[in-house]
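Biologist: I have this one open and want to go through it with you. Can we start?

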Amino acid sequence: MIKACIFDLDGTLTKTQESIARPVNMTLEHFGLPAMPVENYNYYAGDGLDNALKRALKDAGDPELTHYEEGRPLCRKWFVENSLYKVKPYPHIEEMLGELKKRGISLAVFSNKMHQGAIDVVQTIFGKETFDHIQGQTDTVPIKPDPQGVYEILREFHLTREEVLYFGDTNTDMRTGHNAGVFTVGVTWGFRPRKELEEYRADWIVDDPLEIVDLVDRMNHHAPADGSSKGSSACQK
């Protein structure tokens, strides 16, 4: 029986490329380096702001990352100052979340954003009542694909791994879900193509947020007698 859904944030719930590009490009320009195109951030993002900065620095002409240590606090400061820059939910996300809540499904976010930044984005875009738990990067919860954040959410909800679904748009998310031992669903509307999700063994793939509601309904109405909902990695949509 599925009782909770855990969502990645950037590229899964919200379109955030420009909010990540802004502070990183400001950092590049601070050092006299060229700003990188926003579409590059589909691949720079996904593993936390620090890694996005490293990738952008290399492409902008600093392969040795000589500006990284000085640039890291600047980038973080500029991100926090405007973490909601041009952020918006993907189509059908809010409708999907509402349908899950009607079904009594607990909702959580596990993001590689800094913890407070994740809270600010989620609560501003979706309100304070939509998500039951928001987990970002902290001193005790490292960035994905480390599964610690999933374990924190399971403890918070008093659930087993078989009772949750994990959703994300990148290989980092697929690895996170598999590392945590939970059913892992790739979404195709985010930062990365379907091929990447398939290569990293998504248990299921959805092309529209409303398909998530259908998936939860099917898994709960047709759960095996032993209560397990873990399916074959071959059952991709």
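Biologist: Where does leucine 65 lie?
Modeller: Leucine 65 is in the loop between α3 and α4. Keep in mind that this is a predicted model.

Biologist: What is the phi of leucine 65?
Modeller: Near 55 degrees, which is a positive value in a residue other than glycine. Most residues other than glycine have a negative phi.

Biologist: And is leucine 65 buried or partly exposed?
Modeller: Partly exposed, because its relative accessible area is 22% and buried means under 20%.

Biologist: What about lysine 86, where is that?
Modeller: Lysine 86 sits in the loop between α4 and β3 (88-89). Its phi is near 55 degrees, again positive in a residue other than glycine. At 48% relative accessibility, lysine 86 counts as partly exposed.

Biologist: OK, confidence. What is the mean pLDDT of the chain?
Modeller: The mean is 93, and 93% of the residues reach 70 or more. Over residues 223-237, however, the pLDDT is below 50. Beyond near neighbours in sequence, that stretch has 26 contacts in the model.

Biologist: Now the sheet. What is the strand order?
Modeller: The order is β5-β4-β1-β6-β7-β8, an open sheet of 6 strands with parallel pairing. At the edges are β5 (133-137) and β8 (204-206), each of which pairs on one side only. From one strand to the next, the twist averages 25 degrees.

Biologist: Which helix packs on the sheet and touches β5?
Modeller: Helix α7, residues 148-157. Besides β5, helix α7 touches β1 (4-7), β4 (106-114) and β6. The direction of α7 makes about 150 degrees with that of β4.

Biologist: How enclosed is β4?
Modeller: Largely enclosed by the rest of the structure, since 8 of the 9 residues of β4 are buried. On pairing, 4 bridges join β1 to β4, and those two run parallel. β4 and β5 also pair in the parallel sense, over 4 bridges.

Biologist: What stands opposite isoleucine 6 in β4?
Modeller: Alanine 108. In β5, the bridge partner of alanine 108 is histidine 133.

Biologist: How many bridges join β6 and β7?
Modeller: There are 4, between β6 (residues 164-168) and β7 (residues 183-187), and the two strands run parallel. Phenylalanine 167 has valine 185 in β7 as its bridge partner.

Biologist: Which strands does helix α8 lie across?
Modeller: Helix α8, residues 171-180, lies across β4, β6 and β7. It runs at about 170 degrees to β7.

Biologist: I keep clicking on threonine 176. Which helix is that in?
Modeller: Threonine 176 is in helix α8. It counts as buried because its relative accessibility is 0%.

Biologist: What is threonine 176 in contact with?
Modeller: Leaving aside neighbours within four places in sequence, the contacts of threonine 176 are Phe110, Lys144, Pro145, Asp146, Pro147, Val150 and Tyr166.

Biologist: What kind of peptide bond joins lysine 144 and proline 145?
Modeller: A cis one, with omega about 15 degrees. Most peptide bonds are trans. Proline 145 is in the loop between β5 and α7.

Biologist: Different topic. How many disulfides are there?
Modeller: The structure holds 0 disulfides.

Biologist: Last one, helix α1. How far apart are its end C-alpha atoms?
Modeller: They are 20 Å apart.

Biologist: Which residues of α1 are buried, and what covers them?
Modeller: The buried ones are Gln17, Ser19, Ile20, Ala21, Pro23, Val24, Asn25, Thr27 and Leu28. The cover includes β2 (14-15), α2 (41-44), α3 (49-60), α4 (68-81) and β4.

Notes. Residues numbered from 1 in each chain as written. Predicted model: local features only at pLDDT ≥ 70, side-chain atom pairs only at ≥ 80, totals over all residues. Heavy atoms only, no water. Pairing = 2+ DSSP bridges. Axes fitted to C-alpha atoms, helices over the stretch in contact; angles between N-to-C directions. Contact = heavy atoms within 4.5 Å. pLDDT = per-residue confidence, 0-100. Disulfide = S-S within 2.5 Å. Expected span 1.5 Å × (residues − 1). Buried < 20%, exposed > 50% of the residue type's maximum accessible area, 1.4 Å probe, protein only.
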